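Reader: I'd like to go through the pockets in this one. Can you put the model up?
Author: Here it is.

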Amino acid sequence: MAGFKTILAVVSDDVSGRSPLEAALIIGRGFDSHVTALHVRSDPSNAVPLVGEGMSGVMVEEMIGAAEKQSDERARQTRAVFDERRESYGAPLVPLPPAPGFSMAWREEVGREEDVVARCARLADLVVLGRPVADRELPAVMTLNAALMESGRPLLVAPPQMSAGAGARCIAVAWNGSAEAARAVSAALPLLGAAEQVHIFSAEEADGDPVLAPTELRAYLSWHGIAAECHSFAASTAHAGEVLLAEVIRHGCDLVVMGAYTHSRLRQLILGGVTRHMLHHATVPVLMMH
């Protein structure tokens with residue numbers, strides 16, 4: 001089964017970038033992927049506020065200089081994390097293709113992070129970002145949304161803490177029969193095929209449009225040689241995301257596969273809340289597709 005040949009890990013800084021880089025390396029090592037760490041420097045000219053005639057040329061230069069110095073230091077610290085993890089994994093530094101086997105590369109761009117990530121992600125088999133945390137500026141929610149909504153690629157959202165021994169041995173699939181969920185399952189087939197256990201979780205819906213049943217997804221996966229167990233949980237509660245995450249933890253799953261922001265009004269009420277909850281509270285990586 002084909003895997004992920006190219007993985008793009010977004011490393012915003014030395015703190016928030018550790019988890020997505022670790023997640024990318026864990027998966028990349030398993031599939032002999034080429035992992036590129038993308039660090040986006042902000043444009044120093046954006047540090048100058050629009051203050052009209054109240055700012056002198058000297059003040060503008062000082063602000064741009066301070067912004068450049070801060071950007072240089074952040075890039076240096078982030079690159080140090082990249083170098084340390086690359087050495088730990090024993091991955092060769094290969095900037096250009098082709099390169100057989102597991103390899104890594106460092107890439108720096110200047111601009112708005114959300115714009116650069118959306119553009120660069122379009123030519124990656126898998127994109128990995130860290131989960132936004134309330135008390136941290138990075139990673140930015142706008143960057144995550146851009147990668148999810150504008151890249152057209154599967155997005156793996158890594159939790160704030162990603163242990164080196166983690167993997168994707170037990171995978172949970174959040175299933176509601178939507179096109180987004182189907183895309184996520186298709187993108188995750190390499191991971192699902194390599195997993196030791198696969199659990200399909202679905203919300204019990206008394207009414208609403210007919211959907212593809214979890215048993216149909218189980219049959220589909222079986223054609224790919226993947227055995228899965230089906231589970232259902234009550235969707236009448238407003239806390240469906242909490243229920244799903246509790247089930248994921250209870251079954252010992254270390255990765256979740258799910259569609260993001262479906263369009264059906266009824267299912268959006270359920271899965272939309274699940275999407276938001278997983279983006280803010282998941283303690284395991286979540287592979288999403290819109």
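**Pockets and their linings**

Author: This is a predicted model. By class, 12 nonpolar, four polar and three charged residues make up the lining of the second largest pocket.

Reader: How much space lies in the second largest pocket?
Author: About 400 Å³. The lining has 19 residues, and those closest to the pocket's centre are Thr6, His34, Thr36, Arg107 and Leu123.

Reader: Which strands and helices each supply at least two residues of that lining?
Author: Strands E1 (6-10), E2 (34-41) and E3 (103-110) do, and so does H3.

Reader: Which one gives the most?
Author: E3, with four residues.

Reader: OK, switching to the largest pocket. How much space is in there?
Author: The largest pocket holds about 610 Å³. It is lined by 20 residues, with Val40, Ser42, Arg74, Glu137 and Leu138 the closest to its centre.

Reader: And which helices each supply at least two residues of the lining there?
Author: Helix H2 (57-89) and helix H3 (113-121). The largest share comes from H2, at four residues.

Reader: How does the lining of the largest pocket split by class?
Author: Six residues are nonpolar, seven are polar and seven are charged.

Notes. Residues are numbered from 1 along each chain as its sequence is written. This is a predicted model: local features need pLDDT of at least 70, side-chain atom pairs count only at pLDDT 80 or more; totals for chains, interfaces and linings use all residues. Side-chain values use heavy atoms; hydrogens and water are left out. On a 1 Å grid over the protein atoms alone, a cavity is a set of points where a 1.4 Å probe fits but cannot get out, and a pocket is an open set with protein on both sides within 12 Å along at least five of seven lines; lining residues have an atom within 4 Å of a point. Grid points are joined across faces, edges and corners, and a volume is the space filled by probe spheres set on the points. Ala, Val, Leu, Ile, Met, Phe, Trp, Tyr, Cys and Pro count as nonpolar, Asp, Glu, Lys and Arg as charged, and the others, Gly among them, as polar.
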